Amino acid sequence: MKIGKLNEKCPKCGSQDKTVKRNIEQVHFAHATTGAVVCSKCGYVFKSCKDEKEEK
């Protein structure tokens, strides 16, 4: 998800609050991959790691 889209409203509930789920690497705790971007209020999934794999 691009930075400009982070302020989009949720199509389900209209909230603009989002939570970024990340998978932290066990070897290097400072490194992580983005798992999903979800609405903090209702849980609508804006972007998941599966979407990124399909785009490549």
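Strand 2 (residues 32–39) pairs with strand 3 in the antiparallel sense over three bridges. Strands here are DSSP runs of E of at least two residues, numbered from the N terminus, and two strands count as paired if DSSP finds at least two bridges between them. The model is predicted: local features need pLDDT of at least 70, side-chain atom pairs count only at pLDDT 80 or more, and totals for chains, interfaces and linings use all residues. Residues are numbered from 1 along each chain as its sequence is written, and side-chain values use heavy atoms, with hydrogens and water left out.

The hairpin of strand 2 and strand 3 has five residues between the strands, and Gly43 takes a positive phi near 90° in this hairpin. Strand 1 and strand 2 are also antiparallel, with seven bridges. One bridge from each pairing is tabulated below.

| Residue | Bridge partner | Strand of partner |
|---|---|---|
| Val38 | Val45 | strand 3 |
| Asn23 | Thr33 | strand 2 |

Together, three strands form an open antiparallel sheet in the order 1-2-3. Its edges are strand 1 (18–24) and strand 3 (45–48), each of which pairs on one side only. Neighbouring strands of the sheet are turned by 20° against each other on average, direction ignored; the axes are lines fitted to C-alpha atoms, and angles run from 0 to 180 degrees between N-to-C directions.

Conventions
Helix = DSSP H or I, 4+ residues; strand = E, 2+ residues; numbered from the N terminus.
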